[in-house]
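Visitor: I have a structure open and would like to talk through some of its features. Could we begin with the charged side chains?

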Amino acid sequence: MGNGHEDQGRDDIRLSAEDELAFDALIGAGFDPAGVDPSMRARAERIAATLGMLDCDPSDSADSRERLADRVVGAVRLVQQNSETLSREDGEALEAFVMSGYDASRAPSGLRPLAGAHEMVHGLIVGMGDENQRWIASGRNVRTEAVMDALTEMSASSMVFERPSRRRSFRIADLLTAAAAVLLMSAITLPVLNSMSESGRRQVCTANLQAAGMGIGMYAISNNDSLPMATAGFGGGWSQVGRPGKSHSANLFTLVRSRYVQPWELTCPGNKHAPAEPMDQDALDWGSLEEVSYSYRLMPGGQNRADLLNSDSVVLADRSPILLAGIRGHRISPEASSPNHGQEGQHLLRLDDSVGWTDTPVLENGDNIWLPRSIEQHIQNVRKKYGYFDGSELPTTPEDTFLGP
Amino acid sequence: MAAAERKQDDFRTVSGAAGGESDEAMFLRFRDSGDQEAFRALIDRYHDDLLRFLYRMIGDRQGAEDVFQEAFLQIHLSGATFDGSRKFRPWFFTIAANKARDLLRKKKRRRTAELSAPVSGRGGDSGFSFMDFLESDAEKPDERLTADERDEQVQRVLDGMSPALREVLLLAYFQRLSYAQIADDLGIPLGTVKSRLHSAVAVFGRGWKTLV
């Protein structure tokens, strides 16, 4: 409730003595002027009517009310699940291990035993080889589970984990939780991703879209089969990234905000403009169109129900090459591929969670994923009218520049 | 809907027996047995009042929805600190107000100069009086403003108030609390609550009159 000097001037207004009495009586009557003494009722009514302006309609519809309730229940369930797998102590110990420069002996004494477990798991990961590390860096849960399974197996065979230099053994439970934490945290390092080869970037991108697919699925389960939306009342334009309500990417960002995916899982290593720093906890959207790595399916009329789509419908893809140009009025190439991977092609995530690579944005049914049908038809009409070169075309006038082969 | 038209029961049933199971019993059922049905019923019960309060505190719907979610997450995480012999509603609103305050602090909201100007300064020796209002200022705003315009204007007035006054006004209004209850919730002396609320009402009334 603290307020600084700046507030003092603004708050330096008081009620008249009569209004104070009437307001006190109104409070006493539970804000019902009918319960106020008749001598003060007129004033109380006036005050109550003015304060009544504070009322507002909090819900657009019964549907949006339901959706918000789904979102709250979904978030609580997610927290419940997380708290079952990683304790606060584990989180703190992991942080201490990382902050100590990956040397558990330098961690605060209270956290040292658990930090030692993190160190042990970290050592295991380092010894895993490039391919496994790349998977870990992509934050894939399936691999996390695989490593956990491996550790459990080692436990079953009564293997004792021991740090040779300090002769300290760890309980398998410590190692398992440490493994989970290290694997989850290992995915953060964008600079590492940026230095990858193109094939590495594609692998990470595939893993990202798979994680996004899982996130979208979990969101749908918690939200009445809906695709992610920033607010229940979304219906504005889609191009103003950074302005939720007018930005479609804010709808996709809901996955991050509601913790269905981690920020790096919606960051393609091929997007040089992706935010390199961890995003603000309060962020509602990316900061600009350039920062957005993936293009997310728009739905007609603000609808967002997944059950309106076929299972093979594309919901997410590497970022569109033509949005940046198109909304700025620049020339577009309808069949160009995403800039994420050198315009060689793009990954597509479909509603059935499958992720694939394609070197053309035109689907089997002729639908161009970058364009709405209205523009596709317009382009087709132009092509029909003017056709393609047959090798006999000539300039219409001497001023008409047209360079031949 | 004007305050005068609202039924007092709207605010009382949630904690009392008139609305069926009390909030306290419902929350304890969720906390102690993980009863998801009780939790969902609680969300539904608080949807309107809490979202109104948060919308007015924060000023945008998306922020209000986020804090609404965070407040429910917080009572899930801090459920053990709830004293079953006390009322749930003030405890929950205090948690929500704290979350809203955190968000506002992070957003570092800037109040517009045009707003702070008209509501600053003294109200005159005799103080600000609601009887200075024309009838139409307070009672029939819908005839001159659309609902959206009215909402926007109200928000501008609230944005021009200090956080302390805005919070005490909204807590008092949306919970229909007595001075003693507010003092108890906020942990500040009764006299301070009274003078702060008087100021808050005066600032809001003056701001509204200036803008409309």
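Visitor: How many salt bridges does the structure hold over all chains?
Guide: This is a predicted model, and it holds 20 salt bridges over all chains.

Visitor: Which residue forms a salt bridge with B:R31?
Guide: The partner of B:R31 is B:D32, with the closest N and O atoms 2.9 Å apart.

Visitor: Are those two buried or exposed?
Guide: B:R31 is partly exposed, with a relative accessible area of 33%. B:D32 is exposed, because its relative accessible area is 53% and the cut-off for exposed is over 50%.

Visitor: And what about B:D184, which side chain does it meet in a salt bridge?
Guide: B:D184 meets B:R86, at 3.0 Å from N to O. This pair links distant parts of the chain, the two residues being 98 residues apart.

Visitor: Where does each of them sit?
Guide: B:D184 lies in helix α10 of chain B, residues 179–186. B:R86 is in the loop between α4 (61–77) and α5 (88–107) of chain B. B:D184 is partly exposed, with a relative accessible area of 48%, and B:R86 also counts as partly exposed, at 45%.

Visitor: Which residues are linked with A:R65 in a network of salt bridges?
Guide: A:R65 is linked with B:D44 and B:D48 in that network.

Visitor: What does A:R305 pair with?
Guide: The side chain of A:R305 meets that of A:D307 in a salt bridge, at 3.5 Å from N to O. A:R305 is partly exposed at 31% relative accessible area, and A:D307 is partly exposed at 48%.

Visitor: Changing topic: what does the secondary structure of chain A come to?
Guide: Chain A has 14 helices and six strands. Of its 405 residues, 43% are buried.

Visitor: In what order do the strands of the open sheet run?
Guide: The order is β3-β4-β5-β6 in chain A, a sheet of four strands with antiparallel pairing. Its edge strands are β3 (294–296) and β6 (355–358), each of which pairs on one side only. Neighbouring strands of the sheet are turned by 25° against each other on average, direction ignored.

Visitor: Over how many bridges do β5 and β6 pair?
Guide: Strand β5 of chain A, residues 346–350, and β6(A) pair in the antiparallel sense over four bridges. A:H347 has A:W357 in β6(A) as its bridge partner.

Visitor: Back to chain B. Which residues of helix α2 are buried?
Guide: In α2 of chain B, residues 23–33, the buried residues are B:D23, B:E24, B:M26, B:F27 and B:F30.

Visitor: Why do they count as being on the same side of α2(B)?
Guide: They are on the same side because they cover an arc of only 165° around the axis. An α-helix has 3.6 residues a turn, so residues three or four places apart point the same way.

Visitor: And which residues are exposed on the other side of α2(B)?
Guide: There, B:D32 and B:S33 are exposed. B:D32 is also the residue that forms the salt bridge with B:R31.

Visitor: What follows α2(B)?
Guide: B:G34 follows the helix, and its phi is positive, near 65°.

Terms used
Residues numbered from 1 in each chain as written. Chains lettered and ligands numbered in written order. Predicted model: local features only at pLDDT ≥ 70, side-chain atom pairs only at ≥ 80, totals over all residues. Heavy atoms only, no water. Salt bridge = Lys/Arg side-chain N within 4 Å of Asp/Glu carboxyl O. Buried < 20%, exposed > 50% of the residue type's maximum accessible area, 1.4 Å probe, protein only. Pairing = 2+ DSSP bridges. Axes fitted to C-alpha atoms, helices over the stretch in contact; angles between N-to-C directions. Arc of directions from axis to C-beta.
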